Amino acid sequence: MEAFFAAAIGIVAACGVYLLLRPRTFSVVLGLTLLSYAVNLFLFSVGRLQHGKAPILTPGVTDYADPIPQALVLTAIVIGLAMTAFVVVLALRMNADVGHDHADGDAHDDAPTKGVRPKGDRTKRARTKSQERRS
Amino acid sequence: MSVLLVPLLPLLLGWIPLVLGRRGHVTTAWSAGLVAAASFAILLGVHAPAVFAGEVAFAWVRWAPSLGLDLAFRMDGLAFLFCLLVLGIGLLVILYAYFYLGDTKYHARFYAFLLVFMGAMLGVVTSEHMIGLVVFWEITSVSSFLLVGFNNDTEAARRGARRALGVTGLGGLCLLGGVIVIGHLVDSFELSVWIAQRSVIVANAWYPAGLVLILLGAFTKSAQMPFHFWLPGAMSAPTPASAYLHSATMVKAGVFLLVRLSPALGDTSLWFFIVVPVGLVTMMVAAYIAMFQHDIKGLLAYSTISHLGLITALFGISEPLAIVAGLLHIINHATFKASLFMAAGIVDHEVHTRDLRELGGLRRLMPVTTVLASIAAAAMAGVPLLNGFLSKEMAFQETLGLSRLGEMQWVAPFVVTLGGIFSVAYSLRFAWEAFFAEPKVQREHPPHDPPRWMQAPVFVLVGLCVVVGVMPAVAVGGLLEVVATSVLGDRMPEYHLAIYHGVNTALFMSIMAFAVGGLIFSWRRRVLDWQGGGILEPTAANAYHNFFGRVIRIGRVVTHQLHDHSLSRYSAVLFSLLLVVGSSPFWPHEARDALVLRTTTALQAAPVAFCSLLAFGAIATLVFHRRRIWALLFMGVSGLASALLFADYSAPDLALTQISVEFGTTVLILLALYYLPWKTPREPRAPARTMHAVIAVLCGTGIAALTYGVLTRPLESISDFYVATSKTHGGGTNIVNVILVDYRGTDTLGEITVLAIAALSITGMLSGFRARRPTVDSAGRAWSPDTHPHLLAVMARPLLSLVLLVAVFVLLRGHNLPGGGFIAALMTAVALILQFLANGYGFARARLRFDFVKVVAIGLALALFTGLGSLLFGQPFLTSNYGYFPIPLVGDVELATAMLFDLGVYLTVVGVIMIMAIRLGRIGGVEDAEPEPELVPAPAEPGEAG
């Protein structure tokens, strides 16, 4: 069972990481959420896979599920919601302000790569030259 | 403990002028003055009698005992002297600044900075614990940065401030290093211990390293060469700040440190041969440069450097009489230099120039200022019957016969006399060219003396110069004795303060200084022509500039390499690094340990199904990630599968939380998706995709291996404690909830604070923001104008009260059964969001008129004050109490204070989620009062259309 569980978490994490590396904000949000599922389950599983144990104190029962990872993961889930909402709003705002949802934002248009800049300079120079000619 | 109040009062009350900022300049000036006066009153009323009786008062506050850090203060003679200077001159400066700043817009800020600086400076001089001293030292650097850069709309001010901070900040780091080195030698950071363990310190092999570092700190602060260049640059500060920081206080911190530590570290050959040459060279060269300054503040700045050099040299000599002379010169220099700066400020204020080449003839126009400035300049030159003469004579005398110099004994008096000559020359030039020479520029509006109260501080300080000069023994004799005793202890020398000590070598040196200085002054045209602009550009400033220019360039290149504006690029870098670090446990020799097969459980049907569902959801999300609605739905499948896993593995609380959160997440993303592109285009670069896939697969493998490694190890848990004590200590049987609201309550408080911050950030990002609502979907079809589904609208309303009832129930039982604040809040939020979905924004908002920001505030306050409440009963923060209360018909009900805390959590989380949902729901532009559901974008509809 442990191997199966671990494999499932690994798959979720791999999908999350791949989506996180996509250049569009929406994919990043998806990736982040998937990754947080994987991380939450991993944290939770630190208390081991305890099937059918008591989570609540009951008279006469001595064997309990590990409460500490549960408490940690509970707040992590809620914080995850807030973080997702934050990133979503960020993506929304950027899409409206920049006009596209590329995660590289403004810089995407005039990315300072070696291939692009001289070209931009050349067009600018050409433009000023034509202006000079006109005047 | 009143020692504590002297520095902390201005430091902690520095915000008062800011608060009063709108009430006008008079109020802010008075508030600053009163704060300083309160501290001054404590100093004079409480400490003066004790200090003059020879007592040393201490105050201790435990700060971080485990690290050996305390806030420890001492009030002895030396600290008292500096407090006197800092507070006395500080009060005069506040009075002066009121007139100088006039109707400046940012006066409140100036006084606030000034008070913070004052407090930090008092902290430096009263510190007993050396780490505390370093902390205050850094605060003086930062606050002086703010003061120097006060006129931050000019490039000169910004550059001067940066340079001052750069040099003194680096010096502060050196000082910290030195203090740590010496502190480790004697295993203590207390000054008293250092002094007592002097012999241990100076014998240690680490002593030179520690000493050099500490001296670097002192030299940078006191503008000793070659670190002097920041001080002339800092002259772009408003003149009250210059008069305060750059004459009387901050630059004195360096020499203070020298004399403070001289009983512990001083009087060794190393100390002598570093400190004395630096001081002497600084004294002579700075005085030489001062002669050629045209800016009167620049002249005064170099003069300050020169005088600090003299004091440094005296403390380097370490003979008891030299230390007495240095202390006396600190007092004298503070009085005459502060008054000269103030006079320079008056001239600048009235004439609007500080350039000696344009000034002149002010004698007739500003007679009072002329007299005061001339007396102060005479004191600076060391004219008899003024205070500067006394300490200069003593200093000259002390440079004679330095046995450590051997054959070279003549060098010290020679250099000092040269410095004396130059200082006579620049003092004459200052007074003559500004006030007495014929005016070089005719002015339309002749300047005049400033208001009487603006001159009052100058008058007080110049008066002190004269009184000390004429009756030294009466005026400062007692104070000097107390101060010197606190430094020298039983090495206290015999001396007496008098105006005339008979014919001795020092007198000849003085006469020589006046004669040659006067000569240079009368030849000043020729000297100025000869010197031209040659050495005036300080080379150290260039070196500094080049160094920092290079650092910034390198930083920019490195940043640009790592941070090229591509999120996926540096995410990839981060994950690759993570892979390297995270895979270290699996490296060969440890791998056997990590992956060896241990006890495993057999496959069970339910969890296998849930795990498969989880993985299926994730893979489907990935496959469909270009069609965003589908991806979102599949992501929800994964989320629900993880809730099922939680439920199956004995974590009902987690399952409940995950289900509610899943709903919230999906709704929020759907809301946002309405305004985002619906499809993700295929990005062009295939090689990057392959690389990302490799990274992702490796990360997944790593996490799977890690999980497997953890799961197959025997469990050693600390949970037994919580299981055993949850009921008896926390009063609840739901251990998870008891941990959240009781054992780890402070964490939970922090977490709901983070939630509130996220909600506020979202509010900020969306405030005033209106997105264009799309009219067609991605396929170009127009949105259907359908109203909200009738059945849902009708069902949602009665559902609300039911869900709310359940939420209250879940909240109340949370301490003992699955539930609690988080889960109840998520349920409530889900029910409320459902109303928006079913009936439209306008309908729901018209009926739900809460200000959810207030709800969050109330929730946070409730949680915080529940925690603080336990302090009232003398118990630690957030200690829970509980008891059983009989309620008729219901029976015994257990109420714990943790429930109040949980209620705070509940309110915060409900508020946060509702803020997010409502904010997102209305960005398409919905009028709050509009009850027409048709106008509202139904967030659920995109799902159907896509």
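## Two packed helices in chain A

Axes are lines fitted to C-alpha atoms, for helices over the stretch in contact, and the angle between two of them is taken between their N-to-C directions, from 0 to 180 degrees. In this predicted model, helix H1 (residues 2–20) of chain A packs against helix H2 (residues 25–45) of chain A at an angle of about 155 degrees, and their axes lie 7 Å apart. Angles over 145 degrees count as roughly antiparallel, and H1(A) and H2(A) are therefore roughly antiparallel to each other. The crossing of H1(A) and H2(A) is left-handed.

On the side of H1(A), the residues that make this contact include Phe5(A), Ile9(A), Val12(A) and Leu20(A), while H2(A) contributes, among them, Val28(A), Leu32(A), Tyr37(A) and Phe42(A). Sorted by class, the contact of H1(A) with H2(A) has 17 nonpolar and four polar residues, with no charged residues.

In helix H1 (residues 2–12) of chain B, the buried residues are Val3(B), Val6(B), Pro7(B), Leu9(B), Pro10(B) and Leu11(B). These buried residues of H1(B) pack against helix H3 (25–52), helix H4 (77–101) and helix H5 (107–126) of chain B, and also against strand S1 (57–64) and strand S2 (69–75) of that chain.

## Where the chains meet

The contact takes 80 residues from chain A and 98 residues from chain B. On the side of chain A that touches chain B, H1, H2 and helix H3 (67–98) of chain A each supply at least two residues, and H3(A) gives the most, with 24 residues. By class, the residues of this side of chain A divide into 58 nonpolar, 13 polar and nine charged.

Technical notes:
Residues are numbered from 1 along each chain as its sequence is written. Chains are lettered from A and ligands numbered from 1 in the order in which they are written. This is a predicted model: local features need pLDDT of at least 70, side-chain atom pairs count only at pLDDT 80 or more; totals for chains, interfaces and linings use all residues. Helices (H or I, at least four residues) and strands (E, at least two) are DSSP runs, numbered from the N terminus. Angles under 35 degrees count as roughly parallel, over 145 as roughly antiparallel, 65 to 115 as roughly perpendicular and the rest as oblique. A crossing is left-handed if the near helix is turned anticlockwise from the far one by less than a right angle, and right-handed if clockwise. Two residues are in contact if their C-beta atoms, placed from the backbone, lie within 7 Å. Ala, Val, Leu, Ile, Met, Phe, Trp, Tyr, Cys and Pro count as nonpolar, Asp, Glu, Lys and Arg as charged, and the others, Gly among them, as polar. A residue is buried if 20 or more other C-beta atoms lie within 10 Å of its own, exposed if 12 or fewer, and partly exposed in between; C-beta atoms are placed from the backbone.
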